[in-house]
Amino acid sequence: MGESDYSQIYAENKQLLAEDGLLADERKQSLPELPGTIGLVTSADSDARVDMVTALHSRYPDVDIKVQHASVQGPDALQELMSGVATLDEDATVDVIIVTRGGGADKTLRVFNETPICRVIANTDTPTAVGIGHEDDRTLADEVADHRFMTPTHAGEIVPERAALEREFEQLSTTLNTAYQTTVVNQLTAYGTSLHTAYKSTITVRLQELGASLDHAAERHIEAELLSLESRLKTAYQTLRQEKEHEEELEETVEEVRDEAETEAQARIEATQWRYRLVIVGLVLLVLILAALYLI
Amino acid sequence: MTQNTPISDKVDRIETIVETLENGDVSLKEAEELHEEGQTLLEALQDDLDVRDGTVTEQ
């Protein structure tokens, strides 16, 4: 078949697929972020298989790969490719199906423009990725797949780089811990400031209350003390006054007693003088009498 | 979030947690809860990394 004739068939096949909506972007599924198991449909002994496995495991060594052998050219290719894709689609452990082959003559790639294999690829429940030939090669299988990659080597892009993910997660962990520590430090600092302010305020208020109470108590104490002193002064004054009065009374009594004693003594002296006078008069009379008698 | 939550969703959630913490408008208790949630998500992400055993099966 000539190239121009095949171009016509290619266009017709593409038209058929387009009419069935199999080329629409909205049909395409997203590939899993991190597939655990990748189903690979390719020739088992091809360089494409080696390149694919190497590319996938160099980026993510832990991913499992299930290789579904299929002829990629020749009379059995169409059936084996369809069977391989269908088999992997029925395997629940497979997260993404990759269909690939290395470069070759344009005619050897034409099986990937056949509508049956394109319909199988387009209708899988499992996301699909197709990379056929070299970078310049385009097939209808590429068009209906959920994802197209340039060459088998580029298929490694189906999986993320594990080392890059580990670095990203480590950076996330550091950022998270830093943000948390900063938040805690800021919160504790704010709490500390609030606590200090509240403490100072409480202490100030309390001291003011105590000061007022102290002033009030001092005033009451001084008032009580003054009252007490006033009372004691009054009492002392009264006592002193009473003692003074008593002393005056005593002085009066002493004066009276003295007067009485002087009067009494005076009376006694006078009485004694009288008695002496009487005795003297008696004695004089006696002498006179005796003298008279003597003279007589 | 569960173990089946996509990696990108977990990463987005952690970044949201970091932004919330950095905004500073959270209490200590909320910050601790967010940090624990972030740590749990990071552990889940580490678990996610160990997808399979890296075997190649020919069928």
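Why is β1(A) largely enclosed by the rest of the structure? Six of the six residues of β1(A) are buried, so the strand is largely enclosed by the rest of the structure; a residue counts as buried if 20 or more other C-beta atoms, placed from the backbone, lie within 10 Å of its own, as exposed if 12 or fewer do, and as partly exposed in between.

The model is predicted: local features need pLDDT of at least 70 and side-chain atom pairs count only at pLDDT 80 or more, while totals for chains, interfaces and linings use all residues. Residues are numbered from 1 along each chain as its sequence is written, and chains are lettered from A and ligands numbered from 1 in the order in which they are written.

**View 1. The open sheet draws on chains A and B.** Six strands with parallel pairing follow the order β5(A)-β4(A)-β3(A)-β1(A)-β2(A)-β1(B). Strands are DSSP runs of E with at least two residues, helices are runs of H or I with at least four, and both are numbered from the N terminus. Two strands pair if DSSP finds at least two bridges between them.

**View 2. Strand β1(A) is joined to β2(A) and to β3(A).** Six bridges link β1(A) to the parallel β2(A), and four link β1(A) to the parallel β3(A). A:Ile38 has A:Ile65 as its bridge partner in β2(A) and A:Val96 in β3(A). A:Thr37, A:Gly39 and A:Val41 point one way from β1(A), whereas A:Ile38, A:Leu40 and A:Thr42 point the other way; all are buried.

**View 3. Strands β3(A) and β4(A) run parallel.** Five bridges connect β3 (residues 96-101) with β4 (residues 128-132), both of chain A. A:Val99 stands opposite A:Val130 of β4(A).

**View 4. Helix α2(A) belongs to a β-α-β unit with β1(A) and β2(A).** The unit is right-handed: with the strands pointing away from the viewer, the path from the first strand over the helix to the second runs clockwise. Helix α2 (residues 47-59) of chain A has 13 residues and spans 18 Å from first to last C-alpha, close to the 18 Å expected at 1.5 Å times one less than the number of residues. Its buried residues include A:Met52, A:Val53 and A:Leu56. The buried residues of α2(A) pack against β1 (37-42), β2 (64-69) and β3 of chain A, together with β1 of chain B; contact requires C-beta atoms, placed from the backbone, within 7 Å.

Technical notes: Two residues are in contact if their C-beta atoms, placed from the backbone, lie within 7 Å.
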